[in-house]
Amino acid sequence: AVPNIDAAYAIKEIKKNISIPLVADIHFDYKLAIESIISGADKIRINPGNIGDESKLKKIVIAAKNNRIPIRLGINAGSLEKGIQEKFGSPSPDAMVESALLNVNLIESLGFDQIIVSIKSSDVLDTIEGYVKLSQLIDYPLHIGVTESGTVKKGTIKSSIGIGCLLNQGIGDTIRVSLTGDPKEEIIVAKEILRSMKLFKKGIEVVSCPTCGRCNVDLINIANTIENKVDELYTTKNIKIAVMGCAVNGPGEAKDADLGIAGGKGEFLLFIKGEPIKKVPEDKAIEIFMKELEKLL
Ligand code: SF4
């Protein structure tokens, strides 16, 4: 986010320390966009609804063109142009699409076509409808997400439904999960959405059973502990692990897992592809499981 000129200058320093593209989200002032571009941003996001008149947009376009970087047109249901608000009465999918088309045409008329577009609403169905319509009208890449989706638990559900439905229709080129929470959570959720859609095949997928009368261990705690530890690991491989409540059914139910752990009585069973490999005492189970997992990375 670039809310002031110091933030724009900081891009230079940030760029020295990272190896991934840096997108600058511009707040209101076209000068911040230009300074961010000069400082080395790899893409800028502007909300045309709050940038001001065409002459300001033109200056941004010239800077982007000269520095060969794309612009994301970030249309937001909450800040549509006055004329569009008056025409539609509410921030409907059609209103967002009209705003997007208007601004795409404006930027194209300035001789620029390195555009990516987003039309975000906090309403999941409006988001889906808007993107579906927009995808039929323009060929530019689309950045998708449900904005202001809420806190980690509820926002994850809304984002997963919105983004998941669109990705399943082949719509969406970049994604953003917006949560009221630690930004790390947004990345974890985004990764899981992509993994569920089979669009991201690196890393460790954790499956765990819902527990039932056969479970004699504190599986909720164990699954959460393992999942948190796994979130800290990095691998380019595609690994599936299973945390199961009982050794009777667990290994069979998770026989596609590369490594699994299943609860018993006072001990745990470790298994690979459904086949038992060793029994481990309860108090050492997680530690031994994580060591076995590290061997697979
Ligand atoms: Fe129940 Fe065992 Fe299946 Fe978990 S793995 S749901 S505890 S039968």
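Helix H7 (residues 124-137) and helix H8 (residues 152-168) have axes that come within 9 Å and cross at roughly 20°. That makes H7 roughly parallel to H8; angles under 35 degrees get that name, those over 145 are roughly antiparallel, 65 to 115 is roughly perpendicular and the rest are oblique. An axis here is a line fitted to C-alpha atoms, for helices over the stretch in contact, and angles run from 0 to 180 degrees between N-to-C directions. Helices (H or I, at least four residues) and strands (E, at least two) are DSSP runs, numbered from the N terminus.

A quick word on the model: it's predicted, so local features need pLDDT of at least 70 and side-chain atom pairs count only at pLDDT 80 or more, while totals for chains, interfaces and linings use all residues. Residues are numbered from 1 along each chain as its sequence is written, and side-chain values use heavy atoms, with hydrogens and water left out.

Now the second pair: H1 and H2 are also roughly parallel to each other. Here's how the two pairs line up.

| Helix pair | Axes come within | Crossing angle |
|---|---|---|
| H7 (residues 124-137) and H8 (residues 152-168) | 9 Å | roughly 20° |
| H1 (residues 5-16) and H2 (residues 30-38) | 8 Å | roughly 15° |

H7 passes H8 in a right-handed crossing, and H1 passes H2 in a right-handed one too.

Who touches whom? On the H7 side, Val 124, Thr 127, Ile 128, Tyr 131 and Val 132 meet Lys 158, Ile 161, Gly 162, Cys 165 and Leu 166 in H8, with contact meaning heavy atoms within 4.5 Å. Those residues divide into seven nonpolar, two polar and one charged. In the other pair, Ile 5, Ala 8, Tyr 9 and Ile 11 of H1 meet Leu 32, Glu 35 and Ser 36 of H2. That contact splits into five nonpolar, one polar and one charged. Ala, Val, Leu, Ile, Met, Phe, Trp, Tyr, Cys and Pro count as nonpolar, Asp, Glu, Lys and Arg as charged, and the others, Gly among them, as polar.

Around the ligand (a heavy atom within 4 Å) you'll find Cys 209, Cys 212, Arg 214, Cys 215, Gly 245, Cys 246, Asn 249, Gly 250 and Glu 253. This shell has four nonpolar, three polar and two charged residues.

Finally, Ile 115 lies in strand S4 (residues 115-120). At 3% relative accessibility, Ile 115 counts as buried (under 20% relative accessible area, with exposed over 50% and partly exposed in between, using a 1.4 Å probe and protein chains only). Beyond neighbours within four places in sequence, the contacts of Ile 115 include Ile 71, Leu 73 and Tyr 140. Ile 115 and Arg 72 sit 43 residues apart in sequence, yet their C-alpha atoms are 5.7 Å apart.

Notes. A crossing is left-handed if the near helix is turned anticlockwise from the far one by less than a right angle, and right-handed if clockwise.
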